[in-house]
Every structure is written in C-alpha cells, then in structure tokens.
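Here are some short notes to read alongside the model. Please keep the structure open as you go through the points.

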Amino acid sequence: MKPLRRRAAPSRLAAALVAALSLASMAIASAALAGCAGLAPRATFPAEARPAAGRAERRMLSNYLPSLAGGPGDSPVYVVEGRKPGGTFFVCAGTHGNEIAGVVSAAILAERAELSAGRLIVLPRANRSAATYPDPERPGPPAILIPTPRGERRFAYGARRTNPADEGRPDPAVYLHPDSSHPQDGAEARNLDRSYPGSPDGGLTARVAFAIQRLLEVEGVAVALDLHEANPESKLAWNIIANPKNVDLAAMAVLLLEEEGLRMAVDASAEEPRGLSHREWGDRTKALAFLVETPNPGQLYPPRTGDPFADPELPLGRRVAAQLAVIRALLAAYNEAAPEGERILLEALPSRAEIEAGGLGALLE
Ligand SMILES: [Zn+2]
C-alpha cells in the first residue's frame, strides 16, 4: 500500500469516513456470511514481490475485473517494458498457494528481469486467497522465510484452493466445468486451475479466473506460462505441459534443457478435465500456453515429512533455478520462430549454477 503523503482535507476525511463505514458494513456482512460456514473473516496480506521503484509498473488484477478491487482475490500485477517493442510474455504463479517455487521465481522476475525487446507481465499470486490458510490435506509451514543481505523475505505457504471464507458461496455437491461432462469433486469449484475461462459473476475463484483470462486477451499475450509444483512422486513432477497448438515449442525447450543437464518431460493438455490454464488460455486466446511443474517435497501424499524449503535433494533454490531455466528455454524456442518484431528477449536472469552457488537471498531485493 502507498503511504499517505498529505493530510487529508476535510472533504477527503468525509469521503474516507464513508468508505470506512461501508468497509465496516461489508466486514459485518462477510462476517455474517462466514459465520454461517463457521469461518472467521481474515485480513488481507501484504504483497510479497518488491520490485524497486521505477523498474516495473504495478497494476492490480482488478484492472481486468473491477469487482475484485480491494477484496481477497485482488493481487498485484507487475509490468516490465523492454527497451524495444516485441511480444508480451505473461508469467503466472501462486495458482496453488503451496507451490512456492513459482511464487519465488515470479518475485525474482519482477525484481530483476530486464528485456532488450518485448514486455513481461508477472502475476506472482494468482490466487491470493489460497495463500491465506493451510492446506487441509497437506498443511505446511505458515511461510517460507528467505534470508537476504537486506533482511528476511517472507512468502506465505498456503493451500491448493481458494479459502472457503472468501469464495462467497458454499461448494457445490459436484463441480462441472461449463464445457465438460466430467463431474469433479465439489471443492474443485475453488481450484483456480479448473476454473478458466471463469465468469465475471461467479464465486471468487471463477472471477479471478475471468480476470486472468481477460488480462491475456487485453494485453495481447504471445507466450503464457503458469508456474506450478507437484508431489515429487507424481508423474507431473519435472514436467512441461503445453497446449496442443504449441507442444512443438515445449519439445524444443526440453531438448535445450537436456543440453544443460536438466531433464524434463513434455505433455500436451488432456481433453479432460477442463478449466486448466494451458488448455483454456491457449484455446481461447492467441497465447502459446505452457505450464511447468517442479517437485515440492512439501506436497508428498499421503502427507509425510517433507521440507518445502531446505530438503537436501530438492531445496527451494534448485526448484526455482529449474523454473527460471524453463523460462529461458521456452523463450529461446519461441524466439527461434517468432518474427523479429515479436521477439521476447529476457535478460539478467541468473543461471542455475549461479543460483545454486549464491542462494536465493542474493537474487531478491
Ligand atoms: Zn499446481
């Protein structure tokens, strides 16, 4: 939040009072709603990415759906302009609140990335509400703390789905995506990655999905990447999933990654279930749409001891380094085929070796 720089004039004070009163009545209304479900209303939590002043334009997700403004689904969006025009690259993280490597990778991008051509749009916490409570099935630590030379950085470690206190409606008995005949568990109505293209008048999860889908259209996104993590024992770990229209670029990226010693598998979006980012972004917009999964020891299931930060085999730094390497490889594959005026030339990203040697703290503001 911006600090107040001036004393408010009397008319502003009156307006502020009215706003405070309406916020208070909204709080009472939401407390009543939450009371029905036996849930307490929560405070919003501070932005975790901290790009230095002037290096990125900060917007909010509510720019793309005003009804999100000020609520638990609103979230900062950072825009970094390149020195020359080019294509737009959208990076989304925090779809699932416990898949922390994506959130830290997105913060590093917002704080450090430079572009000689093109434009970068970063949404570090796509589902901000999901970061506000522990996952009921796989609870982790409340937050990951990363020491930096300038102090400790805190990244909330949340849940897979939207906080039920924020959704604004109870879960349905079964969740049915509008374009699917494949019924899913009712709680999946709060899974952002089953909710695209969303709806402007649905529950909070559907509205967040709608705002993100709208961002892709309005900004003319050329390449979109959703950063995730998976159970290290699942077949999703170390995987790039691509919309069928751009699976060839994912395969090319996997070859480039193999050359630098990082083995990833590649898959095309399945027909079912619907509502996943790589499927709906790619089918409904011009964006080439990808999703990456690194293995998070905190997501072992059935739950057992796994440290999402300092696991000796899969420390957070190694997973963040892999996600940034995937970004470099996907863009290299894209730029190979893109016309010159649509290239996306991302610079100043640390290599895997640099991250392993210097640690994450050196990369954050
Ligand atoms: Zn995920």
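1. Start with Ala289. Ala289 sits in strand E12, which covers residues 288-295. Keep in mind that this is a predicted model.

2. Is Ala289 buried or exposed? Ala289 counts as buried because 30 C-beta neighbours lie inside 10 Å, and the cut-off for buried is 20 or more.

3. Which residues does Ala289 meet, once those within four places in sequence are set aside? The contacts are Ala224, Asn243, Asn246, Ser277, His278, Trp281 and Gly282. Val223 is 66 residues away from Ala289 in sequence. In space, their C-alpha atoms are 6.1 Å apart.

4. Now turn to Tyr157. Tyr157 lies in a loop, with strand E6 (151-156) on one side and helix H3 (164-167) on the other. Tyr157 is buried, because it has 22 C-beta neighbours inside 10 Å.

5. Leaving out residues up to four places away in sequence, Tyr157 touches Asn98, Ile100, Gly140, Pro141, Pro142, Ala143, Ile144 and Pro308. Glu99 is 58 residues from Tyr157 along the chain. The C-alpha atoms of Tyr157 and Glu99 are separated by 7.8 Å.

6. How many residues of H2 are buried? The count is 12 of 13, so H2 is mostly covered. Among them are Ile100, Gly102, Val104, Ser105, Leu109 and Glu111.

Definitions and conventions
Residues are numbered from 1 along each chain as its sequence is written. This is a predicted model: local features need pLDDT of at least 70, side-chain atom pairs count only at pLDDT 80 or more; totals for chains, interfaces and linings use all residues. Helices (H or I, at least four residues) and strands (E, at least two) are DSSP runs, numbered from the N terminus. Two residues are in contact if their C-beta atoms, placed from the backbone, lie within 7 Å.
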